[in-house]
Protein chains: 2
Amino acid sequence: MTRIDIPEGSLFGLDNLPYGVFSVGDSAPRVGVRVGDSVVDLAAALGEDVFARPSLNAFMAQGHQWWVQVRERITALVGGEVPEAAVFAVEEVTMHLPVEVGDYVDFYASEHHASNLGRLFRPNAEPLMPNWKHLPVGYHGRAGTVVVSGTDIVRPCGQRKAPDEDTPSFGACRRLDIEAELGFLVGTGSPLGAGIGTGEFATHVFGAVLVNDWSARDIQAWEYVPLGPFLGKSFATSISPWVVPLLALEAARVPTPVQDPAPLPHLRDTEPWGLDIELSVAWNEQEVAQPPYREMYWSPAQMLAHMTSNGASTRTGDLYASGTISGPDKRQRGAFIELTWGGAEPVTVDGEQRSFLLDGDTVAITATAPTGTGRLGFGEVRGRVLPAEGDGAAPIR
Amino acid sequence: MTRIDIPEGSLFGLDNLPYGVFSVGDSAPRVGVRVGDSVVDLAAALGEDVFARPSLNAFMAQGHQWWVQVRERITALVGGEVPEAAVFAVEEVTMHLPVEVGDYVDFYASEHHASNLGRLFRPNAEPLMPNWKHLPVGYHGRAGTVVVSGTDIVRPCGQRKAPDEDTPSFGACRRLDIEAELGFLVGTGSPLGAGIGTGEFATHVFGAVLVNDWSARDIQAWEYVPLGPFLGKSFATSISPWVVPLLALEAARVPTPVQDPAPLPHLRDTEPWGLDIELSVAWNEQEVAQPPYREMYWSPAQMLAHMTSNGASTRTGDLYASGTISGPDKRQRGAFIELTWGGAEPVTVDGEQRSFLLDGDTVAITATAPTGTGRLGFGEVRGRVLPAEGDGAAPIR
C-alpha cells in the first residue's frame with residue numbers, strides 16, 4: 001500500500017478528482033482518476049468492473065447517485081492508503097479519448113463571440129441575429145472526428161473563395177483557427193419525446209472537458225450558407241482527457257450575465273449554472289488570451305433544455321460544447337479570428353506578427369476554477385498543426 | 001428444407017435481396033434478407049455469426065469483397081432449398097433499425113428543392129446561394145434520433161416566430177412537414193486525413209435506404225440563421241428497414257444532370273452515379289407526389305467525396321442523405337412546403353385542403369428502381385403523427 005502525495009497548490013487535489021481513460025505501455029485502456037501527479041487505476045483500486053473499460057460511458061450511465069457515491073469512495077480511498085499496483089505517475093501513462101461520443105452539438109453561447117463573428121462575417125448587417133437572445137443557437141458537429149488532446153491536426157483542404165476571387169479553388173486552408181470552448185458530457189440520457197428541464201441539468205450531465213473546435217475560416221465562410229458550418233469544422237475537434245465532474249464545480253457556480261429579454265419559461269434557469277472558469281490559450285507556449293467562462297450568456301443547463309425542448313432524445317456520451325468563449329476585452333477572445341480581427345490586427349508570437357496558424361504551430365488551452373479553498377485544473381487540450389496532405393497553396397500568416 | 005416462392009412481379013426478386021434486422025416474437029433481433037414475401041434468417045441459413053447481431057454494422061465492416069461474395073451465396077441459396085427454420089413470412093416479423101448509426105449528414109442536392117426553398121425562405125434574394133453549384137451543400141444532423149419506419153412521430157414543440165409576430169413563443173409545431181430523401185450507408189470507413197475519391201464510392205458505400213427527414217418548418221425558419229437547421233429537424237428522422245445493396249442498383253445508374261460550371265477536379269464523377277429511382281409519397285394512403293431521384297444535381301459519390309475532402313474520417317454505419325428529392329414539375333416535389341408553396345396552394349387530402357401535417361396523419365414513402373428485367377423495391381418508410389406533449393397551440397391545416 002502507498003500514500004498519494006499531493007503537492008502543495010496542486011490543481012488536482014481532493015476537491016477535483018477528474019476521470020479519464022489511460023493506459024501504461026501496452027496495457028488495455030481503462031478508467032483512472034487523477035490525484036496530484038498520480039493516476040489511480042479505479043478498477044484495481046475499487047474492484048469495480050465498470051472501470052475496466054476503454055471509456056467512461058458505462059460508469060456515466062449508472063447515474064447521478066452512483067457518481068456521488070463513487071466520488072465519496074475515491075475521496076476516502078486516496079485520503080488513506082492505496083494498493084501500490086493501482087498508482088501510476090502521470091508521466092508514464094498515455095491518455096485516450098475519455099468517452100465514446102454519441103452526438104456532438106456545438107453552441108454559440110458567448111454574446112461577445114457571436115457579435116464579433118457577426119461583424120466579421122456579415123459586416124453590413126446587425127451582428128446578432130434576431131433569434132440570438134431568445135434561444136441558445138447551436139448545430140450538430142461531427143462526432144466521429146472528436147479526438148483526444150495531443151492528436152496532431154492535419155491542415156484541412158477544402159474549397160475557398162476569397163471576396164476578391166471570381167470562382168472557388170480547392171487547396172489547403174489558409175485561415176486555420178481555434179475556438180476555445182468548454183464541453184459538457186451527458187451521463188444519463190433521456191428518451192425520445194421527453195425534454196430535460198433546466199432543473200434536471202445536474203442529474204443528466206456528468207462533467208466537463210476543454211474543447212478546441214479547430215476551424216478553417218476560409219472553408220467555413222464559403223460553405224456555411226444556408227445550412228451552417230460543415231467541412232470548416234468537421235476535420236477535427238480536440239477535447240481534454242480529464243473529465244472534471246460537475247460535482248467538483250459547486251464553488252465555481254455563478255449567475256449568468258443578465259438575460260434581457262427574459263428567456264421563455266422552458267429556458268429559465270431555476271438555479272445558477274454560470275461557471276467562473278478562467279481559460280488560458282497558449283500559442284506556441286505563449287499565452288495570447290484569457291477567455292472567462294463566467295461571461296457566457298447562456299448557461300449549460302439552458303443549452304441542454306433547449307437541445308431537448310423538441311423531444312430529441314439524448315444518450316450517454318453525448319457531447320455539447322459552449323461555443324467560443326470570449327469576454328468583452330480583446331485579450332479575452334477565444335478565437336484567433338476575433339483576437340486579430342480577421343487578420344487586421346495581428347498578435348506577436350515567436351517575435352513574428354501572426355493571425356492564423358502555420359504548420360508546426362501548437363495550441364494549448366488550459367483552465368482553472370475556484371474550489372472554495374483553492375483552485376482546480378482541467379488539464380489541457382493541446383494540438384499541433386501538420387502540413388496539408390494534397391495540393392494546398394501557402395497559408396496566410 | 002423449403003423453396004421460397006417469389007410472386008410474379010415481386011419487387012423483392014433475386015435481383016434485389018435487401019438486408020434488414022428483424023425479430024419474431026421475443027426472439028433477439030438479427031440480420032435477414034428479404035425474398036418475395038419471405039424473410040430469410042441469414043445466421044441460420046448461412047451459418048455465419050456476423051448475421052446473428054442486432055445491426056448490419058459487423059457485416060458491412062467486412063468490406064466490398066465480402067458483400068459480393070455473400071450476395072452470390074444468398075442468390076445460390078434462395079434459388080434452391082432453404083432450411084425451413086430460417087424462413088419467415090414478412091407479416092410475422094418485426095423490423096428494427098438496420099444499423100447503428102455513426103454520424104448522420106443531410107445534403108441538399110436537388111437543384112429544384114434548393115431553389116424552391118430559397119424562394120420560400122428568402123423571397124427577396126437569389127434562390128440559390130453562390131456556393132450551391134460548386135459543392136454539395138450539407139450539414140450534420142442528429143444520429144441519435146434516427147428511427148426505423150413505423151415509429152410514431154410526436155409533434156415537436158419549439159420556438160416559433162411568424163413574420164407578423166413581435167416575439168417568439170414556445171409551443172407545438174404548426175408547420176410539420178416531410179422531406180422524401182434517399183440515404184446512403186457507409187460500410188467501410190476511412191481514416192482521419194484520408195479522403196474518399198468519387199471513384200471509391202462503391203467500395204465504401206454498402207447500400208441505400210429511404211429517408212423521411214421530418215421537418216418543423218416554423219421552428220426551422222426561426223432558428224436556422226446563421227448556423228443551420230437544428231431543432232427543426234432533430235426530433236426524428238425515419239429510415240426504411242430494408243437496405244438495398246448498391247450491388248442491386250447497377251441497372252439504375254444514370255448520369256447526373258449536366259453540371260455547369262464543371263465541378264472542381266476532386267468532385268468530378270469518374271463514372272455515372274446518378275440513380276433512376278422513382279419515389280412515391282402517400283399522405284394518408286393517397287399519393288401526392290412522385291419525386292424522381294435521377295433529377296438530383298449532385299451524385300452520392302460526389303457527396304461522399306466532398307464530405308471527406310477535408311480529411312474527415314468516416315465510420316461503418318455513417319448515414320448520409322440526399323436532401324429532399326424534387327423534380328421540375330409540381331407533382332415531383334418531395335416536401336409539402338414546396339408542394340403547397342408554403343401553404344398558398346394546398347393539396348386535397350381526405351377531401352380537405354391541406355398544407356401541413358395534422359395529428360393522426362400518416363406519411364408513407366416508397367420507391368422502385370429498374371433492374372434490367374423488371375423493377376426492385378425499397379419497401380417503405382412510414383410514420384404517423386401523434387399530438388404534441390405540452391402546451392402547443394392548434395396546428396395549421
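Buried area is the accessible area, taken with a 1.4 Å probe, that two parts lose on being put together, summed over both.

## About the model

This is a predicted model, in which local features need pLDDT of at least 70 and side-chain atom pairs count only at pLDDT 80 or more, while totals for chains, interfaces and linings use all residues. Residues are numbered from 1 along each chain as its sequence is written, chains are lettered from A and ligands numbered from 1 in the order in which they are written, and side-chain values use heavy atoms, leaving out hydrogens and water.

## Two domains in chain A

Let us start inside one chain. Chain A is divided into domain 1 (19-95) and domain 2 (104-386), with bounds that come from an automatic or database domain assignment. Their C-alpha centres lie 28 Å apart. Between them, domain 1 and domain 2 of chain A bury about 1,500 Å², and carbon and sulfur atoms account for 76% of it. Three residues, A:Y19, A:M60 and A:W67, supply 40% of the area that domain 1 buries against domain 2, more than any other three residues.

Contact here means heavy atoms within 4.5 Å. By that rule, 17 residues of domain 1 of chain A are in contact with 18 residues of domain 2 of chain A. One residue pair is in polar contact between them (both at pLDDT 80 or more). A polar contact is a pair of N or O atoms within 3.5 Å; within protein, one must be able to donate a hydrogen and the other to accept it, and residues adjacent in sequence count only if both atoms are side-chain atoms.

## Where the chains meet

How many residues of chain A are in contact with chain B? The number is 53, and they meet 53 residues of chain B. Chain A and chain B bury about 5,200 Å² between them, with 62% of that area from carbon and sulfur atoms. A:R142, A:L227 and A:F230 supply 16% of the area that chain A buries against chain B, more than any other three residues.

Two salt bridges are counted between the chains. In a salt bridge between A:R142 and B:D318, the side chains come to 3.0 Å, N to O. The interface of chain A and chain B also has 22 residue pairs in polar contact (both at pLDDT 80 or more).

## How the copies are related

The same surface serves both copies, since 100% of the contact residues of chain A recur in chain B.

## A closer look at one residue

Finally, find B:L264 in the loop between β20 (253-254) and β21 (274-275) of chain B. Strands are DSSP runs (E, at least two residues), numbered from the N terminus. Leaving aside neighbours within four places in sequence, B:L264 is in contact with A:Q159, A:P168, A:S169 and A:F170.

How values were computed
Salt bridge = Lys/Arg side-chain N within 4 Å of Asp/Glu carboxyl O. Helix = DSSP H or I, 4+ residues; strand = E, 2+ residues; numbered from the N terminus.
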